[in-house]
Amino acid sequence: MGGGTILVVEDEPLILLEIETALEEAGFTVLSSRNAEEALSAFDAKPEKFKALITDIRLGPGKSGWDLARLVREANPTMPVIYVSGDSAIHWPAEGVPNSIMIAKPFFMPQVITALATLLNEQPPVAKN
């Protein structure tokens, strides 16, 4: 699936494991995190390492998935973003970053893989120097 890591942020361990496993089985490299602060720390250390963000919205205390996606997009305005949420989908039009995808929980993993592939395929080609 090319270079780059998918940053997955989900505070529920079983859902996180399910997403991580499915992405790895689909050929993606994954870095997973249980909260926005941990994810931002990894992202800020090496932003060029990541090629997409998949995040839950409500991540416990601290920043939300909405906040995380906005901060990631400040550093990389074209970063593909997929939100997964059980109850926040109605807020996506107002809170979500442009050109993102919202997937409501419960979901089937092929929905996430298909959404990710769609967003990655829409990315402009990287210019080689």
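I take helices (H or I, at least four residues) and strands (E, at least two) as DSSP runs, numbered from the N terminus. The model is predicted, so local features need pLDDT of at least 70, side-chain atom pairs count only at pLDDT 80 or more, and totals for chains, interfaces and linings use all residues. Residues are numbered from 1 along each chain as its sequence is written, and side-chain values use heavy atoms, with hydrogens and water left out.

**Entry: the sheet**
I looked up the strand order, counting two strands as paired if DSSP finds at least two bridges between them. Five strands make an open, parallel sheet, ordered β2-β1-β3-β4-β5. β2 (29-33) and β5 sit at the edges, each pairing on one side only. From one strand to the next the twist averages 20°. I then checked β3 (residues 50-56) against β4 (residues 81-85): four bridges join them. D56 has V84 of β4 as its bridge partner.

**Entry: loops around β5**
I found a cis peptide bond between K105 and P106, with omega about -5°. P106 is in the loop from β5 (101-104) to α5 (109-121). N99, in the loop between α4 (92-95) and β5, has a positive phi of about 60° without being a glycine. Is N99 buried or exposed? N99 is exposed, at 66% relative accessible area (buried is under 20%, exposed over 50%, partly exposed in between, with a 1.4 Å probe and protein chains only).

**Entry: two helices**
I compared α2 (residues 36-45) with α3 (residues 65-75): their axes come within 10 Å and cross at roughly 10°. Axes are lines fitted to C-alpha atoms, for helices over the stretch in contact, and angles run from 0 to 180 degrees between N-to-C directions. So α2 is roughly parallel to α3 (under 35 degrees; over 145 is roughly antiparallel, 65 to 115 roughly perpendicular, the rest oblique). A36, A39, L40 and F43 of α2 meet L68, L71, V72 and A75 of α3, where contact means heavy atoms within 4.5 Å.

**Entry: cores**
A nonpolar core here is a set of buried Ala, Val, Leu, Ile, Met, Phe, Trp, Tyr and Cys residues joined through side-chain atoms within 4.5 Å. The largest has 21 residues, and I6, V8, L23, I54, I82, F107 and L116 have the most contacts inside it. α5 gives the largest share, six residues. Leaving aside neighbours within four places in sequence, I82 touches residues including L53, I103, V112 and L119.
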